[in-house]
Amino acid sequence: MEINKKSQAGSLESSDLMVYVEPFNEIKIEVESSVSSQHTEEIRSLILNELEMRKINGVYVKIQDNGAMNLTIKARLKTALLRGAKNGN
Amino acid sequence: MKNQLGIDIPEYVENLGKLIPYKGAFKRIKNLQKEDLRLTPTKIRTYLPERNKLVSSLEKAIERSGLKNGDTISFHHHLRGGDFLLMKVVETLDKMGFKDLTIFSSSLTRAHQNLYEYVEKGVVKKIFTSGLRGELGKFVSRGKMDIPVVIRSHGGRARAIKTGEVKIDVAFISAPSSDKEGNLNGVRGPSACGSLGYAMVDAQYANCVIAVTDNLVDYPNTPISIPQYQVDYVVKIDRLGDPDKIGSDSTRLTNNPVDLVIAENAANVIYNSGYFREGMSFQTGAGGASLATAKYLADIMEEKKVIGSYAIGGISSYIVDIYKRGLFKKMFDVQSFDKGVVSSLLENDDHIEINADFYANPFNSGAIINNLDVVVLAAYEIDTDFNVNVLVDSHGYAQGASGGHSDTAATAKLTIIVAPSFRSRIPTVVNKVNTVITPGETVDILVTERGIAINPRRKDLMENLKGKGLPIKDIHQLREKVEIITNNPKMFEFTDKICGFIEYRDGTIIDTIKQVVEK
């Protein structure tokens, strides 16, 4: 999958997160979490896994997390990536 | 020495005195006659009839009050997040050069968070309150106070005033409406806040009372919540507060689906508990799930044609609406939560303003909450012994308030805690709460969206609620379930330093606020 436009998904409600995605020449991840610093690392590795699965090598992902569960994070990320991909739907 | 919950409490603390460890919710009350307590002596002030109470500025009123360094000054939080007076008084005292004062407020809101600057300057030495918020709460939890704060419940504060454990040298009263002699009420004027229930106790037992108003009206001002014979000086200032932050126009009901599920469960618990009956009395907070419980309960009451005797507490306009539907006969109001309540106090004879002593003091001949059937309360955390924390947040900071939580939990026949099982990956149901405000022996049922847990002490409730289609679970099972879902590492640790004491309503120490290690 190739990310070629800016996109976003999610909300800033409690237990949700905002995912911002934009094209980039390498993988860059930025995570802000209201929950904890340990949790930030967990989110980062979760994102890396998802990107690897989709064979994405260039993207800038920015997360603003308000304590979302992992499944929410995955779902929001997937939506943002699909929206940012060329043939995404 | 250890208290009944196994928490270490020092016997003596410099500048606070001797501490009594908590021994059980009604232990001290049962044996109180042996202590032979007396009402606090209060200075009698007399003035000649022709004397003018109006003073042109706060400075002059403070000068005349005879306030000294190290004295105790009191405030009340009916103007909530919109209050200007407390900070204005403290700024004035700083300019006048006062030091080492004790701030004794019924609670502290975000409007007072900069109070920590005056602690750093030495103007304020001690803080006694029900709640802490914003930067002030962080300041306390970081261990920056030389003397630990003391957190009291609303009933406990009234107790401490009457026994003289805390003697108020000067009470500052935010008066939304006053005449030149100091007849005060909270129901009229640009800063109208409704009930003055907490301030009424201060006015009665302080050695000096300064009423501050932004709405000076013709004599005599009625209704009279605080009478002129308790007021020494009246000061007119431009603005007492920000009306938008004193209270919203009305309390809106939550549309959060999790809260609504909890509320519906809680209403069904009440209906099946054995306490749902003609003449039942009821209290609930203004929080999402608590207030929504009132909605579902009211619908059941209407359907079953059951009419309650009274609703009490902080009154919100949603409770007023339920009263108007004819479902409760009276409302007792120690603190009004929104502007809709203010007009109801003026219009409805059955809406009665009461003081904090009448409301919840355990050391009198009978607070009205002693007759309370059902109370619905919130929680930051609840543990498997049903102890509840409503003060220390998920970051380890004091960011909440004791309020009437422990008072009503102790006296109500049925105490229900409503809370989501976790919030933002942080479990609500835990092994051990950070800080106990309300002891588990006074809590009967926890209602979450993931199940209902009954305190094993209440075999009768287990019996009544069995086979009613309610998702009843053991609290340990509930905790484990939540732990698996959230899978969240603890994000902070505490040191052994004591930053505050949680005083139970009877004056014993139930827990401490510990210093948080920030990561």
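**Close-ups of chain B**

**View 1. Two helices of chain B meet side by side in this predicted model.** B:L291, B:A294, B:K295 and B:A298 of α11(B) touch B:Y318, B:I319 and B:I322 of α12(B) (contact means heavy atoms within 4.5 Å). Sorted by class, this contact has six nonpolar residues, no polar ones and one charged residue (Ala, Val, Leu, Ile, Met, Phe, Trp, Tyr, Cys and Pro are nonpolar; Asp, Glu, Lys and Arg are charged; the others, Gly among them, are polar). The axes of α11 (residues 288-304) and α12 (residues 317-324) of chain B come within 10 Å and cross at roughly 10° (axes are lines fitted to C-alpha atoms, for helices over the stretch in contact, with angles from 0 to 180 degrees between N-to-C directions). That makes α11(B) roughly parallel to α12(B) (angles under 35 degrees).

**View 2. An open sheet of 10 strands in chain B.** The order is β3-β13-β12-β9-β4-β5-β6-β8-β28-β29, with mixed pairing (helices, H or I, at least four residues, and strands, E, at least two, are DSSP runs numbered from the N terminus; two strands pair if DSSP finds at least two bridges between them).

**Notes.** Residues count from 1 along each chain as its sequence is written, chains are lettered from A and ligands numbered from 1 in the order written. Local features need pLDDT of at least 70, side-chain atom pairs count only at pLDDT 80 or more, totals for chains, interfaces and linings use all residues, and side-chain values use heavy atoms, leaving out hydrogens and water.

Key
Angles under 35 degrees count as roughly parallel, over 145 as roughly antiparallel, 65 to 115 as roughly perpendicular and the rest as oblique.
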